[in-house]
Amino acid sequence: MKTPSNSLSLLLFLLSLSSLVQSLTSPSDISALKAFKSAVKPSSITPWSCLASWNFSVDPCALPRRTFFSCGLLCNSAATRITQLTLDPAGYSGTLSPLLSRLTQLTILDISDNSFSGSIPSVIFSLPNLQILTLRSNSFTGSIPPSISNLKSLESLDFSHNSLAGNLPNTLHFLSVLRRLDLSFNRFTGSIPKLPPNLLELALKRNSISGYLVKSSFSDSTQLEVIELSENSLAGTLPTWFFLLPSLQQINLANNSLTRLEISPVAASGSDLVAVDLGFNRIEGNLPVNFASYPALSSLSLRYNRLRGAIPLEFSKKKTIKRLYLDGNFLTGKPPAAFFTSGDDLVSGSLGNNCLQGCPVSSQLCAPSQKPNAVCKEMYGSGKGKGKPMT
């Protein structure tokens with residue numbers, strides 16, 4: 001005769017068998033995971049790492065994952081398909097297996113901060129549901145193929161801190177839902193192609209991007225908020241339209257080869273621009289007074305360029321500016337007194353290493369000291385500038 005406790009035990013046993021059946025991972029997904037692990041050098045799989053827990057004698061999606069597959073992947077609610085592959089930064093080395101393309105329900109692939117190398121298999125760019133692709137801080141080489149446009153669901157792409165090279169593909173524009181693109185710290189060359197229409201953040205810091213910034217590259221990117229293009233080889237004029245991109249908040253084009261600025265005044269509610277860094281370029285001419293018309297601007301750096309003339313009074317009257325770096329130019333005249341008499345609202349930054357007169361040595365804003373008279377006389381004695389020569 002069966003007791004109630006025996007019946008309960010039998011029921012629990014049957015339920016556990018049922019859950020095992022329901023958690024049967026797709027054979028194609030299992031083969032992809034096996035190939036992925038096999039392409040990782042065994043010597044780089046430490047005992048405490050996620051990959052060390054991947055034991056294929058058990059089902060990858062079976063719960064609970066106390067001993068095996070304890071981290072590194074997630075499955076769908078039916079426990080049949082892999083939806084996320086997110087490795088720990090454990091120093092894994094090896095290559096990416098092309099069989100990852102079998103993970104057709106994958107939404108997130110993140111193997112950042114490891115030591116993977118070789119080229120990125122082109123079949124990775126055929127994953128139809130991939131939303132986040134992060135290969136940051138590895139040692140990948142090669143280029144980005146035009147087939148990247150097949151990632152129709154991609155929202156975030158981060159290939160920064162690798163050794164990728166070549167031109168950026170013109171097909172980037174077809175990534176219609178992409179919001180974040182970070183290709184910084186690589187070896188990309190050529191110009192910036194037409195950008196995706198819904199992009200919010202563009203980061204291409206420390207590459208070898210060259211040429212001029214052209215309007216057609218940015219014409220559809222009306223939601224772009226952050227542009228990080230510092231430490232490249234961009235040249236020529238930075239035109240008015242660039243500063244008037246409708247959603248722009250932060251610009252960093254420091255350490256390029258820009259030579260001119262064209263900037264028009266904006267209405268009181270006409271711009272969300274908060275921070276601009278154009279330091280360490282070759283920008284000539286007078287300090288553009290129209291920067292002072294940007295209602296939200298709080299940080300401006302034009303340090304170490306070739307700017308001349310006086311510092312416009314409008315900068316000292318603008319209450320939103322909290323950081324102002326104009327050091328390393330050839331600015332002349334007396335700096336606006338309001339910079340030094342505004343109490344708690346004092347601006348931080350530097351006006352040093354210019355040709356200014358009467359910059360109070362007691363003010364941190366005037367450090368480092370101004371250029372020697374001989375250097376300033378040589379600059380203004382050439383007849384090229386409109387600024388007042390030093391006397």
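**Disulfide bonds of the predicted model**

The link of Cys-355 and Cys-376 is left-handed, with -95 degrees about the S-S bond. The structure is a predicted model, in which local features need pLDDT of at least 70 and side-chain atom pairs count only at pLDDT 80 or more, while totals for chains, interfaces and linings use all residues. Residues are numbered from 1 along each chain as its sequence is written, and side-chain values use heavy atoms, with hydrogens and water left out.

A disulfide is taken here as a pair of cysteine sulfur atoms within 2.5 Å. By this rule, the count comes to 4 disulfides. When the bonded cysteines of the protein chain are numbered in sequence order, the pairing reads 1-3, 2-4, 5-8, 6-7.

In the disulfide between Cys-355 and Cys-376, the S to S distance is 2.0 Å. This pair links distant parts of the chain: Cys-355 is in the loop between β24 (348-350) and α6 (373-380), and Cys-376 is in helix α6, 21 residues apart. Helices (H or I, at least four residues) and strands (E, at least two) are DSSP runs, numbered from the N terminus. Cys-355 and Cys-376 are both buried. Buried denotes under 20% relative accessible area, exposed over 50%, and partly exposed the range in between (1.4 Å probe, protein chains only).

Cys-50 is joined to Cys-71 by a disulfide with an S to S distance of 2.0 Å. Distant parts of the chain are linked by this pair, since both Cys-50 and Cys-71 are in the loop between α2 (27-38) and β1 (73-75), 21 residues apart. The torsion about the S-S bond of Cys-50 and Cys-71 is about -120 degrees, so this disulfide is left-handed. The two cysteines fall into separate accessibility classes: Cys-50 has a relative accessible area of 6% and is buried, whereas Cys-71, at 28% relative accessibility, counts as partly exposed.

A disulfide also joins Cys-61 to Cys-75, with an S to S distance of 2.0 Å. Cys-61 lies in the loop between α2 and β1 and Cys-75 lies in strand β1, so the pair ties together parts that are 14 residues apart in sequence. The link of Cys-61 and Cys-75 is left-handed, with -90 degrees about the S-S bond. Cys-61 is buried, its relative accessible area being 2%. Cys-75 also counts as buried, at 18% relative accessibility.
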